[in-house]
2 protein chains.
Amino acid sequence: MAGSLWEDARTIIGAALKAAQPHEAVRKALADFDAGGGGRVILAAIGKAAYAMAEAAVGILGSRISRGIIITKYGHGGEALPGIVLRESGHPMPDENTIRATEEALAMVRGLAPQDKVLLLVSGGGSSLFESPRVPLPELRDITRQLLESGADIVELNTLRKRLSNVKGGRFALACQPARVFAVVLSDIIGDPLDMIASGPAYPDSSTSRQAMDIARKYELKLSDKALKLLSEETPKELGNVETRVTGSVTQLCAAASKAAESLGYAPQVLTSSLDCVAREAGAFLAAIAREHQEGLLSRAFILGGETVVKVTGRGMGGRNQEIALAAASGIRGLKDTAVFSVGSDGTDGPTDAAGAYCDGESADRLISQGIDLQEFLNDNNAYPALKAIGGLIMTGPTGTNVNDLTVLLIRR
Amino acid sequence: MAGSLWEDARTIIGAALKAAQPHEAVRKALADFDAGGGGRVILAAIGKAAYAMAEAAVGILGSRISRGIIITKYGHGGEALPGIVLRESGHPMPDENTIRATEEALAMVRGLAPQDKVLLLVSGGGSSLFESPRVPLPELRDITRQLLESGADIVELNTLRKRLSNVKGGRFALACQPARVFAVVLSDIIGDPLDMIASGPAYPDSSTSRQAMDIARKYELKLSDKALKLLSEETPKELGNVETRVTGSVTQLCAAASKAAESLGYAPQVLTSSLDCVAREAGAFLAAIAREHQEGLLSRAFILGGETVVKVTGRGMGGRNQEIALAAASGIRGLKDTAVFSVGSDGTDGPTDAAGAYCDGESADRLISQGIDLQEFLNDNNAYPALKAIGGLIMTGPTGTNVNDLTVLLIRR
């Protein structure tokens with residue numbers, strides 16, 4: 001498939017994925033970090049992208065970093081970085097290495113001076129990889145089990161867990177006092193809820209001890225006296241020593257796509273960065289928007305981020321981004337210079353080797369000429385072979401980041 | 001449910017429905033009609049809204065109309081209008097009264113002079129209500145039956161039927177020559193395809209005789225020699241004597257809503273006038289847009305027209321507009337001064353007495369406090385009782401028009 005819209009799609013995807021890279025995201029966030037003054041700079045990088053984030057920080061700040069620690073998932077580390085210890089631990093469930101590594105991080109930030117700074121690099125997976133429980137690990141696991149079996153939701157679960165932890169719910173930032181914390185958060189959660197990403201080690205907790213006690217009563221939890229006492233201890237409600245930058249999030253994925261589209265001559269509009277409906281219906285919705293804007297004089301780019309859902313009813317091969325593009329192909333059939341494309345920012349879409357797909361006003365007819373019934377393939381969740389047949393798959397390979405999906409509607413005038 | 005957003009919703013709905021009324025739509029379209037000159041003005045109103053359209057025209061042009069005919073569905077007429085004969089006929093299948101009335105209309109426009117004008121008022125239902133077949137009615141019915149049983153689609157069906165008719169496919173306008181035709185089309189079809197509405201009595205036909213012959217061969221139709229000969233006769237490809245105004249369409253429903261929203265202080269944007277995806281997913285999509293625009297300083301109104309689809313999986317009571325609002329309620333939960341509402345322009349939504357529904361950021365919590373599980377009611381296609389419980393139903397009664405649905409997202413800042 002050739003032509004200017006396809007080229008534009010490639011350019012936009014490239015720019016967006018670049019902006020969502022841990023390296024690029026950290027570089028951008030550190031522009032606001034004042035490494036000056038006489039104090040020490042301690043680096044603590046936690047989460048699945050911890051290594052890449054730390055590497056970027058070391059590349060920028062070099063020997064300005066006094067010492068540091070990386071805590072990431074088994075197999076997610078890399079070559080040794082000068083002055084930085086590398087620890088790998090359990091995910092999705094914390095293990096003894098989690099606790100040991102977390103204690104090490106806590107030891108590193110204890111007893112700092114007011115002029116010292118902690119550079120905290122946070123990415124997804126941190127809830128499990130970064131934990132120092134205030135009750136024995138078996139007891140913490142038992143409480144978690146009781147809550148899950150009683151049907152407690154994730155908010156109730158977190159309200160309790162934050163109180164049983166030395167690092168969650170803002171307590172890591174508390175441990176850093178009187179030093180200042182500059183937190184860079186690489187978000188992989190829609191809406192960037194800072195108290196959810198890695199359980200918010202440097203983010204004030206909005207839940208209260210009273211709520212925690214109510215939850216314990218509601219589910220008739222069996223708790224040790226120590227656990228019960230901990231529930232009544234309040235988490236930090238304000239953290240005066242923390243400055244946070246959310247980066248590499250789906251918001252920035254969209255912003256970078258928007259900027260790239262604008263530089264290609266499109267009037268860009270970010271419709272949402274939290275799209276969460278059924279993939280093929282999102283495609284139909286976008287096609288409806290496309291039909292509305294055929295008469296205009298303006299080239300337009302509608303940009304969406306998020307993570308749509310596929311309701312698997314068939315046994316075919318595909319992914320949510322491929323379903324968006326294929327469904328849109330039906331609704332934009334015959335429209336001139338109009339395209340819809342969608343990619344997963346991690347470079348994989350469903351259980352396929354494609355990152356996503358591109359369809360334009362000619363795709364539906366291309367499918368017909370290949371004897372492919374678009375609706376039938378959609379109904380069978382079999383977008384991949386249909387798109388492959390018309391050269392509509394987008395292949396990027398692994399991208400090294402994961403901040404949800406990017407979907408774009410282009411109308412060239 | 002009270003508050004300014006609810007009031008704004010009422011105002012916007014009122015303005016949009018008013019603009020979509022046959023009376024208002026005809027009034028607007030006739031602003032472009034030059035009734036001057038010395039010729040006669042002949043009125044021909046056909047379709048389900050023919051009476052209201054004719055009434056409006058008579059109200060405006062009065063005695064300037066020399067004579068006229070209304071052909072509408074049984075029971076859809078009204079009191080006699082001066083100089084206008086009123087005929088009622090078969091729908092959805094033409095009958096002998098259809099043919100008689102259509103012959104009467106043809107007789108009325110035959111032999112007109114170049115300075116004469118035919119004011120043709122077209123609305124939905126006209127395909128059946130306005131027909132003068134060139135083969136005997138039983139034969140026409142037999143051909144239609146053969147086509148339907150062979151699995152022919154509506155485009156193939158129309159390609160043949162236009163050639164077997166004295167009025168379809170532009171042939172009525174041809175019969176009016178040398179007089180000029182001013183056609184006012186009240187559209188009830190998404191995208192306003194003028195050759196589809198009432199089978200396009202004054203619209204050049206884009207299908208060809210060759211296509212008609214191919215279809216006859218493809219389905220191995222049994223046709224009389226006469227019918228076969230008629231298929232080979234070309235329909236008008238250009239009509240120099242026709243001027244057309246499409247009015248009262250979903251486009252105008254959206255335009256009126258947009259104008260009303262603007263006058264209330266919202267920055268309006270018509271996203272589409274051909275929304276056709278699954279209703280509850282449209283609600284989720286709109287909620288995602290709503291979440292994106294919470295931080296802005298601008299009050300915004302996103303406006304959509306179209307006709308969404310409900311996939312019935314449950315046994316509850318509801319309609320597509322109610323499902324849009326209820327699904328959106330989940331996604332905008334807790335958002336301040338944010339509302340989604342949706343109504344059917346005919347005043348009925350599904351098999352209920354409501355026109356649609358309104359939900360805002362507080363609706364989800366209201367449902368919870370009533371012990372109503374939003375998702376469960378949605379899954380059971382049971383939006384009506386849930387919305388009724390929180391006062392979210394919109395009741396308009398019959399509106400006298402039918403130009404698809406109107407959906408609006410309001411964000412007040």
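1. A:Ser89 sits in strand E3 of chain A, residues 84-89. Strands here are DSSP runs of E with at least two residues, helices are runs of H or I with at least four, and both are numbered from the N terminus. The model is predicted: local features need pLDDT of at least 70, side-chain atom pairs count only at pLDDT 80 or more, and totals for chains, interfaces and linings use all residues. Residues are numbered from 1 along each chain as its sequence is written, chains are lettered from A and ligands numbered from 1 in the order in which they are written, and side-chain values use heavy atoms, with hydrogens and water left out.

2. Is A:Ser89 buried or exposed? A:Ser89 is buried, because its relative accessibility is 0%. (Buried means under 20% relative accessible area, exposed over 50%, partly exposed in between, with a 1.4 Å probe and protein chains only.) The A:Ser89 side chain makes a polar contact with the side chain of A:Thr98 at 3.2 Å. (A polar contact is a pair of N or O atoms within 3.5 Å; within protein, one must be able to donate a hydrogen and the other to accept it, and residues adjacent in sequence count only if both atoms are side-chain atoms.) Beyond four places in sequence, the contacts of A:Ser89 include A:Ile71, A:Tyr74, A:Asp95 and A:Leu129. (Contact means heavy atoms within 4.5 Å.)

3. B:Leu81 lies in the loop between strands E2 (67-73) and E3 (84-89) of chain B. B:Leu81 is buried, at 13% relative accessibility. Leaving out residues up to four places away in sequence, B:Leu81 touches B:Tyr51, B:Ala54, B:Glu55, B:Val58 and B:Ile70.

4. Now the chain-chain interface. In it, 24 residues of chain B contact 24 residues of chain A. The buried area is about 1,900 Å², with 54% from carbon and sulfur atoms. (Buried area is the accessible area, 1.4 Å probe, that two parts lose on being put together, summed over both.) B:Glu281, B:Phe285 and B:Glu292 supply 33% of the area that chain B buries against chain A, more than any other three residues.

5. Between the two chains there are 2 salt bridges. (A salt bridge is a side-chain nitrogen of Lys or Arg within 4 Å of a carboxyl oxygen of Asp or Glu.) B:Arg291 and A:Asp276 pair in a salt bridge at 3.3 Å, N to O. The chains also share 11 residue pairs in polar contact, both at pLDDT 80 or more. On the chain B side, strand E7 (267-275), helix H12 (279-292) and strand E8 (300-306) each supply at least two residues. H12(B) gives the largest share, 9 residues.

6. A:Phe285 and B:Phe285 touch the most other members of the largest nonpolar core, which has 42 residues. (Such a core is a set of buried Ala, Val, Leu, Ile, Met, Phe, Trp, Tyr and Cys residues joined through side-chain atoms within 4.5 Å.) Among the contacts of A:Phe285 are B:Leu275, B:Ala282, B:Phe285 and B:Leu304.

7. Over all chains there are 48 salt bridges. A:Asp142 and A:Arg145 form one at 2.5 Å. These two are 3 residues apart in helix H6 (residues 137-150) of chain A, so about one helical turn separates them. A:Asp365 and A:Arg333 form another, at 2.8 Å, N to O. A:Asp365 lies in helix H14 (residues 363-369) and A:Arg333 in the loop between H13 (320-331) and E9 (338-344), so the pair ties together parts 32 residues apart in sequence. A salt-bridge network links A:Lys162, A:Arg163, A:Asp205, A:Glu234 and A:Lys237.
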